Amino acid sequence: MISGHDFADRLGRHGFDFFTGVPCSLIEDLIAVLERGDRAPYVAAVREDAAVGVAAGAWFGGRRPVVLMQNSGLGTSLNALASLSLMYGLPVLLVVTWRGFGGKDAPEHILTGEISPKLLDLLGVPYRVLAADSLDADLAWAAAEMDTRRSPVALLVPPKIVETGGVEVTAATGGGATNVAAPALEALLPPATMPRLTALGIALKAFGDDPVAHANGYICRESFSLADRPQSFYMIGSMGLAPAIGLGLALTQPARRAVVFDGDGNLLMNLGILAMIAAQRPTNFVHLVFDNEVYGSTGNQASLSRGVRLDRLAAAAGFATATAVTEPWSLESALRAALATDGPHFVLVKVTAEEADVPRIPYTPTVLRDRFRAAVLGG
């Protein structure tokens, strides 16, 4: 297998000197090394299409850029690749992790894994499948193709090609990435002391039988471990779409409260939804964001939320209320207030990066779909 340090070193040797992307656990060690910024800038992107745009600017500025993404991000970045990188002829190396490789993975990755090479073929993006013994040859090929074609090229990275868990996340990497600005003093909140599992327990108790759309990742798994309920819709894919689902539910079921359990990385991927929610002003909508300031599912890479007050963004968008809490008692108080008044309400719940040892959701997507809809329409 290729170590994260070796991968980063060889990228540098082949002239790649600017990095941006969205995390994936298959290359968590590589990202942890790049986040240190010792070799070249690493810009944490909230969406893959945004990373494609940043890479275009870096190439205009004289760099040889790399965008790192999970293959799910190919779908997110299709238009940016087609109407920016390919149309203008802007070189970039796409390092695309291949979740769903060989049809073996969690359900949300199977279809994307099957079609990933086809998507690159449809776009006309040349690609190679990385192997542990082909890194130098593949990077030399990528650099030459980029320079000759003036076009994106891709490396598909299957599982177990790049080492994981070998680079400790420290204050120099995911715990305090150099590319994430510190907040202004007036924006600082007290340090979080509340584990997300504790916060989820408080929220589940407060909302009773209300339908809850969960963001994907550990939020789903921890909530499931506390109290599995048909009124919980567990997202196991489609990062960033939980609040959009909650908005649609709130507008079509105005007599019921619609609740969203979101994460900081999820919301950052779809910030425009705050304006959509505020514009519709659904009085029955409550949006909780459990903010641990890291991408926990992919290796604790730093989230931009450590330098951005998400509650202030919601307030500026026009939510009826937007508050931030760091302690169990303040969360309980904020939820009582939200339940007693018309929304839309936004509650930023600052939690620690601690993750409980909890199982994956055992239900198939169709079971999750059917039981949630039945709970909404029958409740």
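Analyst: Helices here are DSSP runs of H or I with at least four residues, strands are runs of E with at least two, and both are numbered from the N terminus. On that numbering, Asn284 is placed in the loop between helix 11 (272–280) and strand 10 (285–291). Please keep in mind that this is a predicted model.

User: Why is Asn284 called buried?

Analyst: The relative accessibility of Asn284 is 10%, and buried means under 20%, so Asn284 counts as buried.

User: What makes the approach of the Asn284 side chain to the backbone oxygen of Arg256 a polar contact?

Analyst: The side chain of Asn284 reaches that backbone oxygen of Arg256 at 2.6 Å, and the cut-off for a pair of N or O atoms is within 3.5 Å. The side chain also reaches the backbone oxygen of Ala250, at 3.1 Å. Leaving aside residues up to four places away in sequence, Asn284 touches Ala250, Gln253, Pro254, Arg256, Arg257 and Ala258.

User: Why is the pair of Phe224 and Tyr363 called edge-to-face?

Analyst: The ring centres of Phe224 and Tyr363 are 6.1 Å apart, with 85° between the planes; centres within 6.5 Å make a pair and planes over 60 degrees apart make it edge-to-face, so the label follows. Phe224 lies in helix 8 (residues 218–226) and Tyr363 in the loop between strand 14 (345–350) and helix 14 (365–378), so the pair ties together parts that are 139 residues apart in sequence.

User: What makes Phe319 and Phe346 an edge-to-face pair?

Analyst: Their ring centres are 5.8 Å apart, within the 6.5 Å limit, and their planes stand at 80°, over the 60 degrees required, so the pair is edge-to-face. Phe319 is in the loop between helix 12 (310–317) and strand 13 (321–325), while Phe346 is in strand 14, 27 residues apart. Both Phe319 and Phe346 are buried.

User: How do you know that strand 1 (residues 18–21) is covered on both faces?

Analyst: Phe18 and Thr20 on one side, and Phe19 and Gly21 on the other, are all buried.

How values were computed. Residues numbered from 1 in each chain as written. Predicted model: local features only at pLDDT ≥ 70, side-chain atom pairs only at ≥ 80, totals over all residues. Heavy atoms only, no water. Phe/Tyr/Trp six-rings, centres within 6.5 Å; stacked < 30°, edge-to-face > 60°. Buried < 20%, exposed > 50% of the residue type's maximum accessible area, 1.4 Å probe, protein only. Polar contact = N/O pair within 3.5 Å; in protein donor to acceptor, adjacent residues only side chain to side chain. Contact = heavy atoms within 4.5 Å.
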